[in-house]
Amino acid sequence: MDYTHLSEFAVRPGALTLWRAELAAGADWATDERPFTSVHVRHCREADAADPRPGRGRWIGTIFEMDAALDAAHWRETVRLWHARHEGLRTTLASHTEPEPQRLVCAAADVTVADEPVPGVTGSEQINEYLTGTLEYRLSPLRWPHCLLATVEHAETGDFTVLVAADHSVMDAYSQAIVILELRALYRAVAQGEPVRESPTFGSSADFAHWERGAAAALTTACEPVRYWRRFLDGSGGMLPRFEPAITAGSSAVSERAQLSVSRKLMPLNDLERVEQALTERGHRLSVAVFTALAIAYRRTFGYISLRAIMPIATRPDLRWLESMGWFVNVVPIDITLAPDLDVDSALETTRTVLRRSRIANDATWTRVLELLECTDRPRFGISFLDIRALPDYQLVESLRGHTLRAESYSGDEVFFWIVRAADGLRLSTRFPASFPAVEMDRFLAEFTKAMAEFAPGASKAPATEAAADPSAAAGRDSGRTAAALAPFGVPGEAGGHAPATAPAEPIPARV
């Protein structure tokens, strides 16, 4: 599963329809005393209410192919049930200019779903271009609905493509991944006249916000997590770290040109499995190797001694939020400084120690920490890693051509990497400033791949040149998702260290 732009997904031609939630006639919003999460408040304060394209560079989403024919009535009911299930999708704010935004919530029974057929837009490129523009114009953290869906009906094959796009305030990367099987299961239940699955794991993101704000309020400058962050910021002059090679004189937060984007398979499955076997024999997990290889590549390519970045992690501290739609994200600092000789064993051990120590910041809300430390900076260099096999029915998701999507970014100084242990090998997606030469990024990725291969003699040291074709055949078995399917994330003492369970909110490092 790549984390790509919509333009990088070949939508098959067909009949395009948009679907959006609406308030039923006579219904109204109700005020709610529960707060928004710290990052949600920050996100809304940074939004410009006068921006004609509020979704530009900000929306995220998911696209996949449903293995069934499109029935408009059944799909409408599916979308309604989805909104009814997740309170976060039925939430907005009264005003973003207040010191503390007021939450507004509508009742599940007050949601209806409207459709907007788009005649004349049927070709692949037309559909991509139309949807990209529509999402930039209509998705905003300040205007409900904060989520839009689209279907493309393929008459020749008797199935349809589904796009789910949302402002980041109501969806995170883990939500992006699990929504595929959730909508598929809902649609099948509706079509077959069966009751939809109920579960306490569809907890409200508003309840999570109440928990998170309480935990954030308890932080002080004397807390060990805050002190850990202070030491990290001291290493870069009180600022968050940058991907230094991409920062040039005159770099600004916003660029007129869209960032460059790369999505590719770096290692085929057979080479990756040799690496994993070698790591197992050394007592390390793949996540440790990925971050170690990045640090090695950073030194070999650009000469920097330390790899310093932020890492998005899981923030679902209880089973009730295991299958929720929302923004359950925290950020922790990563500072990896390897010995000059880059000995493999010592390098892996150093990285494992760094990743384990970073857990002290797992539950410390990063935005509140920065406030306490009087740091007004924003993340500019981030790294995420996800082992797709940790997700339930990941092979089914692959067969449905499931892809997570991100909007094109126009940042002039941000660099982010999303690395995935996929079913067919090691995949990487990145975005970086248009001013940074693509050949330099290629050189860095080649060194990263080479470093990964060095963990296992015999593995190829060159990036894979051909990505596996996306399977378009529909899958046969039902998702049957249960909370127990994600039980591995609840192992005490592993990444996140939450109890009773932790599921990934953003692509996160596997347990180390």
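## Around Arg-80

Leaving out neighbours within four places in sequence, Arg-80 is in contact with Ala-108, Val-111 and Val-113. Keep in mind that this is a predicted model. Arg-80 itself belongs to helix α2. How exposed is Arg-80? With a relative accessibility of 25%, Arg-80 counts as partly exposed, because that class takes in everything between the 20% limit for buried and the 50% limit for exposed.

Two of the contacts of Arg-80, Val-111 and Val-113, fall in the range of strand β7, which covers 111-117.

## The chain as a whole

Stepping back, the chain has 512 residues, and 58% of them are buried. It holds 12 helices and 16 strands. Take the contacts between residues at least 6 apart in sequence: 83% of these join residues at least 24 apart.

## The sheet of 7 strands

Which order do the strands take in the open sheet of 7? Reading across, it goes β1-β14-β4-β9-β8-β2-β7, and the pairing is mixed. The edges are β1 (3-4) and β7 (111-117), each of which pairs on one side only. Helix α3, residues 124-138, packs on this sheet and touches β2 (15-23), β4 (59-66), β7, β8 and β9. The direction of α3 makes about 20 degrees with that of β2.

Now for the pairings inside the sheet. Strand β8 (residues 147-154) and strand β9 (residues 159-167) run antiparallel and are joined by 8 bridges; here Cys-147 stands opposite Ala-166 of β9. On to β2, which pairs with β8 in the antiparallel sense over 6 bridges, with Glu-153 of β8 as the bridge partner of Ala-15. β2 also pairs with β7, again in the antiparallel sense, this time over 7 bridges. In that pairing Arg-20 sits opposite Ala-114 of β7.

## The sheet of 3 strands

There is also an open sheet of 3 strands, in the order β3-β6-β5, with antiparallel pairing. Its edge strands are β3 (30-32) and β5 (91-93), and each of them pairs on one side only. If you ignore direction, neighbouring strands in this sheet are turned by 40 degrees against each other on average.

β3 and β6 (residues 103-105) run antiparallel, with 3 bridges between them.

## Strand β13, covered on both faces

Is strand β13 buried or exposed? All the way along, it's buried: 7 of the 7 residues of β13 (residues 381-387) fall in that class, so the strand is largely enclosed by the rest of the structure. In a regular strand, side chains alternate between the two faces of the sheet. For β13, one side carries Phe-381, Ile-383, Phe-385 and Asp-387, the other Gly-382, Ser-384 and Leu-386, and all of these are buried.

β13 has a parallel partner in strand β15 (residues 415-422), to which 7 bridges join it. Gly-382, for instance, has Phe-416 of β15 as its bridge partner.

## Two helix pairs

Back to α2, the helix of Arg-80. Helix α2 (residues 72-85) packs against helix α4 (residues 173-191) at an angle of about 125 degrees, with the axes 9 Å apart. The two helices are therefore oblique to each other, and α2 passes α4 in a right-handed crossing. On the α2 side the contact is made by His-74, Trp-75, Glu-77, Thr-78, Leu-81, Trp-82 and Arg-85; α4 brings Val-179, Glu-182, Leu-183, Leu-186, Tyr-187, Val-190 and Ala-191. By type, the contact residues divide into 9 nonpolar, 2 polar and 3 charged.

What angle do α8 and α9 make? Helix α8 (residues 286-302) and helix α9 (residues 344-357) pack at about 105 degrees, with their axes 9 Å apart, which makes α8 roughly perpendicular to α9. From α8 the contact involves Ser-287, Val-288, Ala-289, Phe-291 and Thr-292, and from α9 Ala-347, Leu-348, Thr-351, Arg-352 and Leu-355. These residues divide into 6 nonpolar, 3 polar and 1 charged.

Technical notes: Residues are numbered from 1 along each chain as its sequence is written. This is a predicted model: local features need pLDDT of at least 70, side-chain atom pairs count only at pLDDT 80 or more; totals for chains, interfaces and linings use all residues. Side-chain values use heavy atoms; hydrogens and water are left out. Axes are lines fitted to C-alpha atoms, for helices over the stretch in contact, and angles run from 0 to 180 degrees between N-to-C directions. Helices (H or I, at least four residues) and strands (E, at least two) are DSSP runs, numbered from the N terminus. Angles under 35 degrees count as roughly parallel, over 145 as roughly antiparallel, 65 to 115 as roughly perpendicular and the rest as oblique. Contact means heavy atoms within 4.5 Å. Ala, Val, Leu, Ile, Met, Phe, Trp, Tyr, Cys and Pro count as nonpolar, Asp, Glu, Lys and Arg as charged, and the others, Gly among them, as polar. Two strands pair if DSSP finds at least two bridges between them. A crossing is left-handed if the near helix is turned anticlockwise from the far one by less than a right angle, and right-handed if clockwise. Buried means under 20% relative accessible area, exposed over 50%, partly exposed in between (1.4 Å probe, protein chains only).
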